[in-house]
Amino acid sequence: MPDAKHRILRRVRRALAGRWPVEAPTGPWRPAVEAAGAVARFLAHAEAGGVEARRFESPDAARAWLSDWAAAFKSAATSPRVPAPLAPPLPAAPPEEAELGVSRALAAVADTGSVLLSSAEGRRLQLLPPAHLVWVDEAEVVQHLGEVLGRLADDPPSALALHSGPSKSADIGQIMVQGVHGPGRLVVAVVRGLVELEARPVEEAKTDRGASSPTPDAFDWEAVRALKGRRLATKRGDAFTVEKVTENTAVVRVGSSGKTYTLRRRCLEKAARLAAAGTPLAGPVAYRKLACNEAPAYAWAVLRALGRV
């Protein structure tokens with residue numbers, strides 16, 4: 001005598017017999033919008049949500065604007081992911097004391113006018129200062145949240161935050177108040193060429209004492225090519241192989257699962273420059289926080305194999 005489970009399943013199969021098969025959806029719903037219009041849609045939706053949106057054709061234009069705009073603040077807490085030329089020329093302060101927080105977004109979502117921020121920057125930086133400036137590259141503006149989540153699926157940060165405007169609440173007396181649970185002012189600057197700025201070699205710059213900082217050695221991509229076929233290991237001992245190296249990426253394959261990860265050249269170069277300039281990159285966590293949030297365990301291991309960290 002069949003039990004209840006089998007009776008139920010048999011009735012379901014009988015009811016479904018002969019029905020036209022329906023394919024499972026392959027991804028999130030996507031409206032028919034040209035990708036070229038993503039930036040314009042993002043800016044429009046962000047402004048509708050109370051964001052002070054800016055758009056710059058080059059990092060130089062953004063830097064010129066920043067020097068004047070930041071003069072209204074006395075101090076800033078800046079994420080290490082923000083390129084040095086786009087860090088405000090203000091005294092540094094902890095997030096709980098800073099008047100301005102400055103972040104580097106992982107992406108911007110046109111559908112909702114939101115910027116996607118990583119917890120690797122530190123949530124205090126994103127929530128405690130009364131004003132928050134977020135930099136995002138024009139090429140990182142996507143139409144839908146699903147697009148960027150797919151990119152981060154292999155190695156997501158411990159938490160992601162979507163900021164769609166200044167913090168506001170009308171819980172008490174249905175009176176809208178800004179700055180209740182976070183910054184009361186959100187400024188998002190979309191910059192063309194921000195990724196290229198991050199990939200540039202470190203230029204000589206004057207330190208506070210007037211001395212020049214040395215330019216780190218150039219990163220040798222041919223050395224990465226030479227690792228092709230080699231068996232390496234992450235800091236915790238997971239074996240992997242450098243399977244393929246192109247002009248701008250290196251693909252590694254994990255020995256235990258066969259899963260592949262793509263390491264971008266600009267991320268490896270950025271980390272190598274930081275290490276050469278004296279920034280400690282003791283492991284994947286530091287790589288993720290200071291350089292790039294893409295397969296940090298394997299990227300750091302590649303740099304270690306090259307003697308860069």
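**Close-up views of a predicted model**

**View 1. A salt bridge joins Glu138 and Arg192.** The side chains of these two residues meet in a salt bridge, 3.1 Å from N to O. The model is predicted. Glu138 sits in the loop between strand 6 (131-137) and strand 7 (141-142), while Arg192 sits in the loop between strand 11 (185-191) and helix 6 (194-199), so the pair ties together parts 54 residues apart in sequence. Is each partner buried or exposed? Glu138 has a relative accessible area of 17%, so Glu138 is buried. Arg192 counts as partly exposed, at 39% relative accessibility. The whole structure holds 14 salt bridges.

**View 2. Glu247 and Arg225 form another salt bridge.** Here the N to O distance is 3.2 Å. Glu247 lies in the loop between strand 13 and strand 14, and Arg225 lies in helix 7, so the pair ties together parts that are 22 residues apart in sequence. Arg225 counts as partly exposed, with 26% relative accessibility.

**View 3. Glu269 pairs with Arg265 inside helix 8.** The closest N and O atoms of this salt bridge are 2.9 Å apart. The two residues are four apart in helix 8, about one turn of the helix. Glu269 is buried, at a relative accessible area of 14%. Salt bridges with shared partners join Glu222, Arg225, Glu247, Arg265 and Glu269 into one network.

**View 4. Arg104 is a buried residue in strand 3.** Strand 3 covers residues 100-104. The relative accessible area of Arg104 is 1%, so Arg104 counts as buried. Which side chain does Arg104 join through a polar contact? The partner is Glu140, at 2.7 Å.

**View 5. The largest nonpolar core contains 30 residues.** Leu263, Leu268, Tyr287 and Tyr298 touch the most other members. Several elements each supply at least two residues, including strand 13 (239-245), strand 14 (249-254), helix 8 (265-276) and helix 10 (296-305). Helix 10 gives the largest share, six residues. Another core lies apart from this one; it has 21 residues, among them Ala62, Val82, Leu86 and Leu194. In soluble globular proteins, nonpolar side chains tend to be buried together.

**View 6. Leu263 and its contacts.** Neighbours within four places in sequence are left aside here. The contacts of Leu263 include Thr249, Ala250, Val252, Leu268, Tyr298 and Val302.

**View 7. The whole protein chain.** The chain has 10 helices and 15 strands. Of its 309 residues, 42% are buried. The accessible surface comes to about 16,900 Å², and 54% of this belongs to carbon and sulfur atoms.

Technical notes:
Residues are numbered from 1 along each chain as its sequence is written. This is a predicted model: local features need pLDDT of at least 70, side-chain atom pairs count only at pLDDT 80 or more; totals for chains, interfaces and linings use all residues. Side-chain values use heavy atoms; hydrogens and water are left out. A nonpolar core is a set of buried Ala, Val, Leu, Ile, Met, Phe, Trp, Tyr and Cys residues joined through side-chain atoms within 4.5 Å. Buried means under 20% relative accessible area, exposed over 50%, partly exposed in between (1.4 Å probe, protein chains only). Contact means heavy atoms within 4.5 Å. A polar contact is a pair of N or O atoms within 3.5 Å; within protein, one must be able to donate a hydrogen and the other to accept it, and residues adjacent in sequence count only if both atoms are side-chain atoms. Accessible areas come from the Shrake-Rupley method with a 1.4 Å probe; for residues, only the protein chains shown count as cover. A salt bridge is a side-chain nitrogen of Lys or Arg within 4 Å of a carboxyl oxygen of Asp or Glu.
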